[in-house]
Amino acid sequence: LGYFVLSEFIGYYQAAFSLAVSLSAILSFSSGSLFPIFSKLSGRQLERGFKKSLFVTFLLSFPIAILTFALAPIIIGIVYGAEYFPAISILRYFSILVISFPAIALYTTYYTAREKTKPLAILLVGSTILNIFLNYIFIMWFIQYGMFAALVGAAIATILSRILYLAGLIIFRRH
């Protein structure tokens, strides 16, 4: 992104991304605490515990994502000030990450507790490569409409790669 846009646009992107990741981290804290529990459980107990945890994670993350989307102008204004108002729409895009990041953290804890780290590694490497590829494609495609459009392209690439990573975690778990 830094090669294609001015540093002020990178600042808008970074501000929005940092806020979304921070909100996600607050929601993801329970994932780490579940590791010892998941490690001791097996079979139906593990599946039931995981499903309940996933339900609670989504129950909390959906409203917070909606609030992040709706209150983006207030959040940006309070945390960064009026100079960062261009970051509002990027934060609205990134509100989707407030749902996906905690779910990814929970799935990661589940896989680690089950000692199934190979699918994690494969999916992480694959989604990282996909993110780099999509960033390049979307930035190149959107830059023709302006630097801010390139930020939107980078945000979409990040969101898509994270959603596909989560989808891969879901699919691998079922097999």
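Is Phe62 buried, exposed or partly exposed? Select Phe62: its relative accessibility is 41%, so Phe62 counts as partly exposed. The cut-offs are under 20% relative accessible area for buried and over 50% for exposed, with partly exposed in between (1.4 Å probe, protein chains only).

Before moving on, note that this is a predicted model, where local features need pLDDT of at least 70, side-chain atom pairs count only at pLDDT 80 or more, and totals for chains, interfaces and linings use all residues. Residues are numbered from 1 along each chain as its sequence is written, and side-chain values use heavy atoms, with hydrogens and water left out.

**Stop 1: helix α2**

Phe62 lies in helix α2. Select residues 43-70 to see this helix of 28 residues. Helices (H or I, at least four residues) and strands (E, at least two) are DSSP runs, numbered from the N terminus. From first C-alpha to last, α2 reaches 41 Å, close to the 40 Å expected at 1.5 Å a residue. That expected span is 1.5 Å times one less than the number of residues.

Now colour the buried positions of α2, among them Leu46, Gly49, Phe50, Ser53, Leu54 and Thr57. Ser61, Ala65 and Thr68 are buried too. An α-helix has 3.6 residues a turn, so residues three or four places apart point the same way.

**Stop 2**

Draw a C-alpha to C-alpha line from Phe62 to Val98: they are 36 residues apart in sequence and 7.8 Å apart in space. Then draw one from Gly77 to Val98. Here 21 residues along the chain go with a C-alpha separation of 19 Å. Gly77 sits in helix α3 and is partly exposed, at 27% relative accessible area.

**Stop 3: a nonpolar surface patch**

Select Leu67, Leu71, Ile74, Ile78 and Val79 and show the surface. Together they form a nonpolar patch with about 480 Å² of accessible area. Patch residues have over 30% relative accessible area and no salt bridge; like charges are joined within 9 Å, nonpolar side chains (Val, Leu, Ile, Met, Phe, Trp, Tyr) within 5 Å. A salt bridge is a side-chain nitrogen of Lys or Arg within 4 Å of a carboxyl oxygen of Asp or Glu. Areas come from the Shrake-Rupley method with a 1.4 Å probe; for residues, only the protein chains shown count as cover.

Helix α3 (residues 72-79) gives the largest share of the patch, three residues. Val79 lies in this helix and is partly exposed at 48% relative accessibility.

**Stop 4: aromatic rings**

Show Phe9, Tyr12, Tyr80 and Tyr84, a cluster linked by ring pairs. Rings of Phe, Tyr and Trp (its six-membered ring) pair if their centres lie within 6.5 Å; planes under 30 degrees apart are stacked, over 60 edge-to-face, and the rest tilted. The count comes to 13 aromatic pairs. Tyr80 and Tyr84 have ring centres 5.1 Å apart and planes at 35°, so this pair is tilted. Tyr80 is partly exposed at 29%, as is Tyr84 at 28%.

**Stop 5**

Where is Glu115? Look in the loop between α5 (97-113) and α6. Glu115 is exposed, at 69% relative accessible area. Its phi is positive, about 60°, although it is not a glycine. Most residues other than glycine have a negative phi.

Next, select Ser127 in helix α6. It is buried at 5%. Setting aside neighbours within four places in sequence, Ser127 is in contact (heavy atoms within 4.5 Å) with Ser161, Arg162 and Tyr165.

Finish at Asn135, also in α6 (residues 117-142). Asn135 is buried at 17%. Not counting residues up to four places away, Asn135 touches Ala154, Ala157 and Thr158.
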